[in-house]
Amino acid sequence: QTWILDSVPGTPDPSVHHVLKAISSIPLPIPCKSTLTETLMSEYKMNKAIAMWIASNLKGKNGEHDWVFDLDIANELVDNFADQNFDTMIHEITSGSSGRALESTIQLVMAGRNKEWKEDIVSSLRSIPTFGDSFHMHKLENAGHWVHVDAVNELTQLMVDGLSNTRR
């Protein structure tokens, strides 16, 4: 099974580019997480929750912190995000037509408070031939983009149910 958590097909929100531009401009090593948080809030006008989340992606000690991810790859992934063909990818994976030995199930979890889930996007995804069979969509009404934080109990139950169904 593959679980996709609130990844909306199409062009990334401009805030993603803002975050990447900001963290790409900060010299390394970073002294500490609190310094990064303050810098992001004061110089880049990010709210505290976002700045703290970004700071949680630092590793290191003794004033020598670096990113836990490769920043160049993160920028490249975001730059190429809109080039994806989400519908085709899901169909190929769930139907076994991608050349994989076994077909797979995809569970797409949508955040109910994410305004990027427009009706045309949802309709397009529902039109994938494997919808309801090996491709499932779930909406967590009270969750924002961080579904694993905003609706941890509901997400856990979805995953337990989804994994239980594959064992039958």
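First, the ground rules. Since the model is predicted, local features need pLDDT of at least 70 and side-chain atom pairs count only at pLDDT 80 or more, while totals for chains, interfaces and linings use all residues. Residues are numbered from 1 along each chain as its sequence is written, and side-chain values use heavy atoms, with hydrogens and water left out.

Pockets, then. A pocket here is an open set of points on a 1 Å grid over the protein atoms alone, where a 1.4 Å probe fits, with protein on both sides within 12 Å along at least five of seven lines; lining residues have an atom within 4 Å of a point. Volume is the space filled by probe spheres set on the points, which are joined across faces, edges and corners.

The largest pocket holds about 1,200 Å³. Its lining has 33 residues, with Ser15, Val16, Trp53, His145 and Trp146 nearest the centre. Two or more lining residues come from each of helices H1 (14-25), H3 (48-55), H4 (71-80) and H7 (147-150); helices are DSSP runs of H or I, at least four residues, and strands are E runs of at least two, numbered from the N terminus. H1 gives the most, 6 residues.

The second largest pocket has about 160 Å³. It is lined by 13 residues, and Met110, Trp117, Val122, Arg126 and Lys139 are the closest to its centre. Strand S4 (106-111), helix H6 (119-126) and strand S5 (135-140) each give two or more.

Next, the cores: sets of buried Ala, Val, Leu, Ile, Met, Phe, Trp, Tyr and Cys joined through side-chain atoms within 4.5 Å. Buried means under 20% relative accessible area, exposed over 50%, partly exposed in between, with a 1.4 Å probe and protein chains only. The largest core has 17 residues, and Ile23, Leu36, Leu40, Ile54 and Trp67 touch the most other members. H1, H2 (33-43), H3 and H4 each give it two or more, the largest share being 4 residues from H1. A separate core has 15 residues, among them Phe86, Trp117, Ile121 and Leu125.

Last, how many salt bridges are there? The count is 1, taking a side-chain nitrogen of Lys or Arg within 4 Å of a carboxyl oxygen of Asp or Glu. It joins Asp150 and Arg113 at 3.6 Å, N to O. Asp150 sits in H7 and Arg113 in the loop between S4 and H6, 37 residues apart. Asp150 is partly exposed, because its relative accessibility is 34%.
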